Amino acid sequence: MEYKGLPVAALVFSFALILPTLHSAYGDVSYSISEEIKRGTVIGNIAKDLGLDVSRLSVRKARIDIEGNSKRYCDINLSKGDLVVADRIDREALCGKKASCVLKLELVLENPLELHRISLHIQDVNDNSPQFRDVSIEMEISESVEKGTRFSIEEAHDADIGQNAVQTYNLQKNDNFILVVDNSKVELVLEDKLDREKQHRINLLLTALDGGSPRRSGTVVIHVTVLDANDNAPVFSQAVYKASLPENSPLDTLVVSVSAHDADDGLNGEVTYDFGHVSEDEKIFTIDRRKGEIRLIGAIDYEEASSFELRVKAKDGLGLTSYSKVIIDVTDVNDNAPKIFLKSLNSAIPENVPPGTEVGIINVQDRDSGNNGQVRCSIQQNVPFKLVPSIKNYYSLMTTGELDRELVSDYNITITATDEGSPPLSSSKSVHLSVADVNDNPPVFEEQFYSAYVTENNKPGSTLCSVTARDLDWRQNGTVVYSLLSGEVNGAPVSSYLSINGDTGVIHAVRSFDYEQFRSFKVHVMARDNGSPPLSSNVTVSVFITDVNDNTPQILYPSPEGNSFMTELVPKAAHGGSIVSKVIAVDTDSGQNAWLSYHIVKSTDPGLFTIGLHSGEIRTQRDISQSDSMKQDIIVSVNDNGQPPLSATCVMHLVISDNLAEVPELKDMSRDDNNSKLTSYLIIALVSVSTFFLTFIIVILGVRFCRGRKPRLLFDGTVAIPSAYLPPNYAEVDGTGTLRSTYNYDAYLTTGSRTSDFKFVRSYNDNTLPADQTLRKTPTDFADAFGDFEESLGNTEPRISDLI
């Protein structure tokens with residue numbers, strides 16, 4: 001027998017694997033799919049449906065998040081933009097008996113932050129068969145029961161819903177009972193009176209069928225025992241019992257009491273209670289079989305199940321039953337602290353990002369409901385970051401100021417989420433952020449300028465100094481490389497003088513330096529980092545060359561021995577302290593290396609002459625006597641003050657005489673000269689010049705004599721130091737005064753000179769012996785004549801001071 005108690009009995013309802021019902025509203029989409037579809041099945045092209053650029057899904061870190069569930073049922077194919085199934089989807093596990101089962105998904109994109117809600121409607125498939133609570137049902141019915149009496153049967157349970165749930169019941173054909181189904185209430189109706197004497201036990205097969213395709217069924221065997229007189233079934237005081245229970249209630253909490261009354265007496269009126277169809281709720285609740293008290297024996301969680309529906313059965317002593325429904329609502333308690341999830345985080349933030357840059361996305365979830373689920377988020381105040389509410393429970397972590405890695409390279413940010421429950425619950429999460437280096441600091445030299453001192457004649461490759469620059473940046477941005485800037489020193493490239501170690505900054509000499517060529521020069525050193533683009537700074541390095549005593553004194557006058565033959569004439573009447581000559585020398589070194597001192601090494605008469613220690617002036621120590629040798633040779637040593645000291649020597653030839661004619665042996669002296677030919681040429685030249693000059697003087701003297709004036713003895717001139725005595729490119733060094741111009745010397749020529757090659761000098765000092773005191777001829781004869789001649793030549797006198 002088949003009884004069709006529902007209007008949808010004959011419908012055949014089949015689902016495709018995917019029912020892509022798409023709704024676009026306010027950036028949200030909805031898809032409809034069947035449960036239990038295979039992993040990897042494409043649900044839809046989410047990128048196309050939302051108008052997103054597929055090529056930027058990876059760049060924007062597109063991902064699928066599921067609200068309130070850590071299990072990932074779906075994922076996105078970043079290369080195609082498809083929404084695919086990632087795990088088994090069981091509608092019964094997700095939604096139970098709810099008519100509508102919707103899985104809430106979120107598509108999150110970054111740069112900028114974008115959130116799209118996806119509703120995934122899970123359609124039921126017929127994957128569960130109807131199931132009775134027991135394999136068999138025992139019933140005891142009195143044979144006195146009248147026709148039409150109804151006996152309640154516990155209905156079958158099917159985890160599926162809608163058309164896939166239980167649709168019809170079939171009762172095996174028999175002589176006594178028919179099946180009546182009304183609003184899911186299943187009853188056996190007695191159609192023919194029972195006769196215990198004919199049949200004391202009847203077995204009935206009841207089949208429950210769902211409406212799926214293919215149809216599934218479940219069966220139960222009803223064993224009816226025919227008894228005598230039990231006329232009344234238990235009756236519940238309420239058809240539906242309702243109770244409210246806070247979540248996390250302690251075990252053994254009384255939820256609700258049910259009661260049923262049986263009008264019979266004795267055993268027939270004794271009522272016992274039990275739960276109805278098969279349900280997992282029996283593990284959470286228990287019922288007292290005698291009292292009807294329903295108590296809590298398991299943990300209940302509002303977030304897992306907000307309500308329970310129980311089927312309670314009342315049975316009398318002889319097996320008559322009735323049913324009632326108990327609905328238990330679970331109330332929420334603030335028992336869940338907010339949870340903080342880092343959805344995106346740039347762990348390394350460039351230090352040059354502008355304020356307001358998004359560096360992370362935070363999602364906060366609280367499983368509680370109402371105010372208990374309202375969450376506010378905050379971070380500490382001493383960091384240049386802030387949380388900005390974005391979409392729903394999302395927050396953007398943004399910079400509030402400029403970052404400087406050189407000041408702070410790492411930040412530990414504590415994010416605190418607090419709900420609005422009573423009392424409020426909170427949770428914290430630490431986020432570590434590193435500031436990535438940007439090449440924003442040029443190298444800085446430790447000193448504003450550098451000085452290097454090197455002695456001349458240094459070895460090539462010797463170290464002069466070291467420059468050091470610091471760069472506050474990190475790694476390659478802080479690696480400093482040194483180099484010399486191009487330039488010239490004395491017309492030559494800098495690189496021909498110096499080199500620098502690019503890693504250490506040590507400066508080396510490429511060549512040997514000569515103080516006498518140049519004393520100092522400047523170069524520019526550049527320190528450059530390896531950043532992109534590189535930064536650099538320059539510094540000036542001054543190189544000072546210090547003098548070394550590497551030059552011997554050079555004697556300008558008299559000529560060094562062997563180069564020339566010169567003789568000084570000393571008047572016989574010279575007094576002690578009179579200047580008779582001077583040694584002139586220079587030293588191209590500087591400082592104390594150029595301080596010269598003069599010493600008489602050897603002389604014909606050691607007690608007759610002395611020389612100024614620093615002036616080089618040769619003076620008489622005493623008055624000249626008749627016993628002194630006419631020819632005096634003095635060997636003079638000129639020493640500098642260096643370490644070790646260097647020296648040069650010269651020979652000064654002096655002749656003590658008032659008249660050159662008195663010195664016949666001078667010719668012999670000239671013959672002894674090593675260079676006799678040169679001397680002969682000089683003598684011939686001097687004789688010619690002297691003859692011409694004497695002739696000219698005689699003419700002048702005659703003219704002056706005729707005028708009746710008093711002639712003067714002699715005319716004065718200046719000793720002309722040959723240019724060969726001066727060293728080439730000689731220049732005064734540091735004002736050391738090695739070549740002094742304190743004294744001016746005049747040359748005197750005698751009228752009776754045989755060779756015209758001999759000279760003597762006089763100083764303008766007071767201690768110098770005047771020439772007019774040594775050579776005297778009738779002063780009155782020549783005074784006037786020489787006076788006018790001296791006047792005419794006085795402005796054209798060449799002097800040693802002019803050369804110096």
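View 1. Buried means under 20% relative accessible area, exposed means over 50%, and partly exposed is in between (1.4 Å probe, protein chains only). Strands (E, at least two residues) and helices (H or I, at least four) are DSSP runs, numbered from the N terminus. In soluble globular proteins, nonpolar side chains tend to be buried together.

**View 2. The surroundings of Phe 513.** Which residues does Phe 513 touch, not counting residues up to four places away in sequence? They are Val 454, Glu 456, Asn 457, Asn 458, Leu 464, Tyr 497, Leu 498, Phe 518, Phe 521 and Ile 545. Such a contact means heavy atoms within 4.5 Å.

**View 3. An open sheet of four strands.** Here the strand order is E18-E25-E24-E21, and the pairing is mixed. Strands E18 (240-246) and E21 (272-275) stand at the edges with a single partner strand each, so one side of each has no neighbour in the sheet. From one strand to the next, the twist averages 30 degrees; axes are lines fitted to C-alpha atoms (for helices over the stretch in contact), and angles run from 0 to 180 degrees between N-to-C directions. E18 pairs with E25 (residues 321-331) in the parallel sense, over seven bridges. Two strands count as paired if DSSP finds at least two bridges between them. Look for Ser 244, which stands opposite Asp 329 in E25.

**View 4. E32 and its two antiparallel partners.** Strand E32 (residues 410-419) pairs with strand E29 (residues 375-379) in the antiparallel sense over five bridges. Nine bridges join E32 to strand E33 (residues 426-436), and these two also run antiparallel. Thr 416 is a handy landmark: Thr 416 in E32 is the bridge partner of Ser 378, and Thr 416 also stands opposite Ser 428 in E33. To get from E32 to E33, follow the hairpin of six residues. In a regular strand the side chains alternate between the two faces of the sheet.

**View 5. A disulfide, and two further cysteines.** How many disulfides does the count come to? There is one, formed by Cys 95 and Cys 101, whose sulfur atoms are 1.9 Å apart. The rule asks for a pair of cysteine sulfur atoms within 2.5 Å. A disulfide is a covalent bond between the sulfur atoms of two cysteines. The torsion about the S-S bond of Cys 95 and Cys 101 is about 65 degrees, so this disulfide is right-handed. Cys 95 counts as buried at 15% relative accessibility, and Cys 101 is buried at 3%. As for other cysteines, Cys 650 is buried with a relative accessible area of 0%, whereas Cys 706 counts as exposed at 69%.

View 6. Asp 368 lies in the loop between strand E28 (358-365) and E29. Is Asp 368 buried or exposed? Asp 368 is buried, because its relative accessible area is 6%. The side chains of Asp 368 and Asn 336 are joined by a polar contact of 2.8 Å. A polar contact is a pair of N or O atoms within 3.5 Å; within protein, one must be able to donate a hydrogen and the other to accept it, and residues adjacent in sequence count only if both atoms are side-chain atoms. The backbone nitrogen of Asp 335 lies 3.4 Å from a polar atom of the Asp 368 side chain. Asp 368 and Asn 334 are 34 residues apart along the chain, with their C-alpha atoms separated by 6.2 Å.

**Notes for all views.** Residues are numbered from 1 along each chain as its sequence is written, and side-chain values use heavy atoms, leaving out hydrogens and water. Because the model is predicted, local features need pLDDT of at least 70 and side-chain atom pairs count only at pLDDT 80 or more, while totals for chains, interfaces and linings use all residues.
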